[in-house]
Amino acid sequence: MIKLIILDVDGTLTDGKLYMDDKDNYLKAFDVKDGFAIVQWIKLGGIVAIITGKSSEIVRRRKEELGIQELAQGVSNKVVELNKLIEKYGITKEEIAYIGDDINDLGVMKEVGFSACPKDAVSEVLERVDYISSKNGGNGAVREIFEKIMKENGMWEKVLDRYLNEK
């Protein structure tokens, strides 16, 4: 059973585009439905980590907004961060899922129990993952993958029940 889901950012939680203005500000767009699924996973006791090669205040703010437990930015070797999470949480590689989209995600993808990507990931990733979303990065791919994992873990019905039984 998956206990920890690790996310890449650019091309996974976002569409991979970096929007820059003339004042050195960067903008990234996140899908609200992805965020909803992440929050539900966390509410049900799941752990979420972001491991990304870039560093940005935007990602830190999104992490805080969603209640994501772990964030590692500016990472050149994602497997090192994976091993830190395994040690910290006392879980096995088989209990970890990773969602990414590019070549720098391949090392960690081959180490985890379940790997997934958006449908617009690079071909080298598409050829090697366990699951390919029907959606592009930044456009609901993360939501689809979280739902799949929650359904397989028997958690999605709890999410539905929470909202179906609101009074």
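Student: Is lysine 93 buried, exposed or partly exposed?
Tutor: Lysine 93 is partly exposed, with a relative accessible area of 28%. Buried means under 20% relative accessible area, exposed over 50%, and partly exposed lies in between (1.4 Å probe, protein chains only). This is a predicted model, in which local features need pLDDT of at least 70 and side-chain atom pairs count only at pLDDT 80 or more, while totals for chains, interfaces and linings use all residues. Residues are numbered from 1 along each chain as its sequence is written, and side-chain values use heavy atoms, with hydrogens and water left out.

Student: Which residue meets lysine 93 in a salt bridge?
Tutor: Its partner is glutamate 111, at 2.6 Å from N to O. A salt bridge here is a side-chain nitrogen of Lys or Arg within 4 Å of a carboxyl oxygen of Asp or Glu.

Student: Where do glutamate 111 and lysine 93 lie?
Tutor: Glutamate 111 is in the loop between α4 (106-109) and β7 (114-117), and lysine 93 is in the loop between α3 (78-89) and β6 (96-99), so the pair ties together parts that are 18 residues apart in sequence. Helices (H or I, at least four residues) and strands (E, at least two) are DSSP runs, numbered from the N terminus. Glutamate 111 counts as partly exposed, at 23% relative accessibility.

Student: How many salt bridges does the structure hold?
Tutor: The structure holds 15 salt bridges.

Student: What does glutamate 147 pair with?
Tutor: Glutamate 147 forms a salt bridge with arginine 143, where the closest N and O atoms are 2.7 Å apart. Lysine 151 also forms a salt bridge with glutamate 147, with 3.5 Å between the closest N and O atoms.

Student: How are glutamate 147 and arginine 143 placed in helix α6?
Tutor: They are four residues apart in helix α6 (residues 141-152), and therefore separated by about one helical turn. Lysine 151 and glutamate 147 are likewise four residues apart in helix α6, again about one helical turn.

Student: Is glutamate 147 buried or exposed?
Tutor: Glutamate 147 is buried, with a relative accessible area of 17%. Arginine 143 is buried too, whereas lysine 151 is partly exposed at 49%.

Student: Changing topic, which residues make the nonpolar surface patch?
Tutor: Leu18, Met20 and Tyr26 make a nonpolar patch of about 320 Å². Patches are made of residues with over 30% relative accessible area and no salt bridge; like charges are joined within 9 Å, and nonpolar side chains (Val, Leu, Ile, Met, Phe, Trp, Tyr) within 5 Å. Accessible areas come from the Shrake-Rupley method with a 1.4 Å probe, and for residues only the protein chains shown count as cover.

Student: Where is leucine 18 found?
Tutor: Leucine 18 is in the loop between β1 (4-7) and β2 (19-20). At 33% relative accessibility, leucine 18 counts as partly exposed.
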